[in-house]
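Please look over the sequence and the model shown here before reading on. The paragraphs after it lead from the arrangement of the chains to single residues.

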There are 2 protein chains.
Amino acid sequence: MLPFDFLEYQDRLKKTKKKMEERGIEVLLVTDPANMNYLTGYDAWSFYVHQMVAIAIDEPQPIWLGRYQDANGAKVKTWIYDENVIGYPDYYVHSDKYHPMDYMAEILTQIGQGNRNIGVEMDHYYFSAKAFERLKKGLPNAVFKDGGLLVNEVRLIKSDQEIGYMKKAAILAERAMHHGIESIRAGVRESETAAKISYYMISGTEEFGGEYASIVPLLPSGKNTGIPHLTWSDRKFEDGDSVIVELAGCYQRYHVPLARTVNIGAPSPHLEKLAPVVTEGINNVLEKAKPGVTCGEIEEVWRKSIGRYGLEKEARLGYSVGLGYPPDWGEHTASLRRGDNTVLQPNMTFHLIPALWFDKYGIEISETFRVTEKGSETLTNYPRDLIIKHPFIFNQHEGEIS
Amino acid sequence: MLPFDFLEYQDRLKKTKKKMEERGIEVLLVTDPANMNYLTGYDAWSFYVHQMVAIAIDEPQPIWLGRYQDANGAKVKTWIYDENVIGYPDYYVHSDKYHPMDYMAEILTQIGQGNRNIGVEMDHYYFSAKAFERLKKGLPNAVFKDGGLLVNEVRLIKSDQEIGYMKKAAILAERAMHHGIESIRAGVRESETAAKISYYMISGTEEFGGEYASIVPLLPSGKNTGIPHLTWSDRKFEDGDSVIVELAGCYQRYHVPLARTVNIGAPSPHLEKLAPVVTEGINNVLEKAKPGVTCGEIEEVWRKSIGRYGLEKEARLGYSVGLGYPPDWGEHTASLRRGDNTVLQPNMTFHLIPALWFDKYGIEISETFRVTEKGSETLTNYPRDLIIKHPFIFNQHEGEIS
């Protein structure tokens, strides 16, 4: 039932422990749901309450600590022995008196881990300021260290099986993009396009279905295309509108994001000029991307490429991507930007999204690529250009769902 | 363009400031995206980076502080003056050197708010342990107080317009439930049902579309119905399976959750016995729910109702519900459980989900209700019972999407 075999989990755990040793961490409290999944297989929408996987450097088994009603899920969805799955009573949930970290501190103390060097994921989602305060109070003899991004660093290089899952996610991304764009025409609501994308992303292919992506489809249209993180509304597309579609296919929680910009009818002169510049920049970056090159050097290629047209981009170009839970599919380690000295290695995967935003318009064309032995390959295969929807051609297949 | 008029935002701000005064907080740093939205209208999927709305007790305008590329969105989607929207440069994002809270501390100092009593949302999503550490370091002259749930307490009682949005969300929930259940039969993948639910939840009605819910559809089937927070998989439904469907309709970020249990063909004797007990319990609770009654008293009605059948429930029965962002649609204030002394008042809204889980099976039948002047009303209207899908009746409308 687990997405990877036992040996792959053992390998991940071994690499994690090696990094713990390097950082002087004896017990790592993993609260990031992606990292919990990566090390144990645990997968459920239970991260809205406090939970963790505790890794002691000298213990072969992790310990899952979470809400009592979720413990069954941890028994079924992980390789951890049932006796290492410990649930806290429900009165700890969203209470003004009790805090789950009080319980966890008590358990860690009882099993003799309370007075060690303890790593916590200081800047990860779902490890709140209060969680840390209560842990410190409950474990007065522990020495706390920042274990942030420790597991994420292990995640940077994917196994072949992980790449296999990402290739399935790529198929889901292409499919969702195809049907989403097909639905875009004047008079259609943004919400209808978002609904179509969601349907095809999840219903998947004959062979496999998809999962929820860590970010919902982003779908600004018209003047809102200058605002990157808007979700859809009931705005109706109009002739001449541009529409940005950013989505990801997701399989076994592995993401392959893909963004395209669509125009209903003839694009504005701005967009028409920008699109080939962005495409050329992406082509240049993909040609440069290979083992041994740094993320900063990748950015330099992009900067020079668009600089020839008098353009500049303030924000980073992209980031390491893979396993994720809401609110992000990025891995928070390597970024494609100036000063990032991460050296590309085979089976690293990046979402290259060199978007350009202006006050009233913007453009996004993106590719998710894998570093290969000698170069790079994109995971999706979708026309890398501004996509023009001709308003007078009505697609006969429109509306056909399954 | 804002979902509420200016006066409603002013009223929310006024109530928030009153609570700040009661708690001795001069500046409240609101980092919970639901609270940011509630006070300013801000709505975008940008909460995967650090951001906040700062409320100074003696200033009429809040200040939005977030990523530079999201500042345009804050200008368009809020009633805040443009000059109070401040973006931090992109090199602060997911960096190992720079932290957005350093920047925010600097701004707060510059505008003379750095040496005051500052409230932070200690246990809310997205306010990480590190965010707090960096704020404390950047504001050495501030006195920090826990401003947790302060805005959430204001959110407990809805305005009539909020209730109006929830009634639209209820229509979306009914529609998604109807089509989801319609798709359930032996041989269909869980992912197909999840895709259908997502499509109808978002595509909405002729009059209005829907949004993403803060929790994706939860859809355990077969033996997994004992595990509450599992999302869907590619498992195919089998004759005799029970399937739990928990979802929410969402409109203007207001949620109305709804859960039902479905059986393909004849249910097991366990389920058949449990369903009327749960329904009777819900009916008893809804009869009791009225202004002046406490959450704890509601729980007592449930406890006695199922106690007559020798049953007990460990977890809480429900919680205050409304505005939300992933990962939760619950408001984290009032819970329907023993010891919660919150007194019901008109226009409070609760998700009553007295689910029962056992090792290999479970049942969920839920209702979202509003407290009225004299009693309560459910927001959705869906058969309150175990739903039987007869395996040999094929629905002709199956697969028809729009």
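This is a predicted model: local features need pLDDT of at least 70, side-chain atom pairs count only at pLDDT 80 or more; totals for chains, interfaces and linings use all residues.

The same surface serves both copies, since 100% of the contact residues of chain B recur in chain A.

How many residues of chain B are in contact with chain A? There are 82 of them, and they are in contact with 82 residues of chain A. The area buried between chain B and chain A comes to about 6400 Å², with carbon and sulfur atoms giving 55% of this area. Of the area that chain B buries against chain A, 11% is supplied by Trp45(B), His94(B) and His229(B), which is more than any other three residues supply.

On the side of chain B that touches chain A, the elements that give two or more residues are α3 (68–77), α5 (129–138), α8 (190–203) and β10 (328–335) of chain B. Among these elements, α8(B) gives the most, with nine residues. When the residues of this side of chain B are sorted by kind, they divide into 35 nonpolar, 25 polar and 22 charged.

Most residues other than glycine have a negative phi, and most peptide bonds are trans. In chain A, however, Pro326(A) and Pro327(A) are joined by a cis peptide bond with an omega of about 10 degrees, and Pro327(A) is found in the loop between β9 (318–325) and β10 (328–336) of that chain. In chain B a cis peptide bond joins Pro326(B) and Pro327(B), with omega at about 15 degrees, and Pro327(B) lies in the loop between β9 (318–325) and β10 of chain B.

Strand β10 of chain A is also the place of His332(A), whose phi is near 70 degrees, a positive value in a residue other than glycine. Is His332(A) buried or exposed? Because its relative accessibility is 17%, and buried means under 20%, His332(A) counts as buried. Leaving aside residues up to four places away in sequence, His332(A) touches Tyr125(A), Leu149(A) and His94(B). The side chain of His332(A) is joined to that of Tyr125(A) by a polar contact of 3.4 Å, and to that of Asp328(A) by a polar contact of 2.6 Å. His94(B), one of the residues that His332(A) touches, is also one of the three residues that together supply 11% of the area chain B buries against chain A.

A positive phi is found in chain B as well, where phi of Arg253(B) is near 70 degrees. Arg253(B) is found in the loop between β7 (242–251) and β8 (254–264) of chain B, and because its relative accessibility is 1%, Arg253(B) counts as buried.

Key:
Residues are numbered from 1 along each chain as its sequence is written. Chains are lettered from A and ligands numbered from 1 in the order in which they are written. Side-chain values use heavy atoms; hydrogens and water are left out. Contact means heavy atoms within 4.5 Å. Buried area is the accessible area (1.4 Å probe) that two parts lose on being put together, summed over both. Helices (H or I, at least four residues) and strands (E, at least two) are DSSP runs, numbered from the N terminus. Ala, Val, Leu, Ile, Met, Phe, Trp, Tyr, Cys and Pro count as nonpolar, Asp, Glu, Lys and Arg as charged, and the others, Gly among them, as polar. Buried means under 20% relative accessible area, exposed over 50%, partly exposed in between (1.4 Å probe, protein chains only). A polar contact is a pair of N or O atoms within 3.5 Å; within protein, one must be able to donate a hydrogen and the other to accept it, and residues adjacent in sequence count only if both atoms are side-chain atoms.
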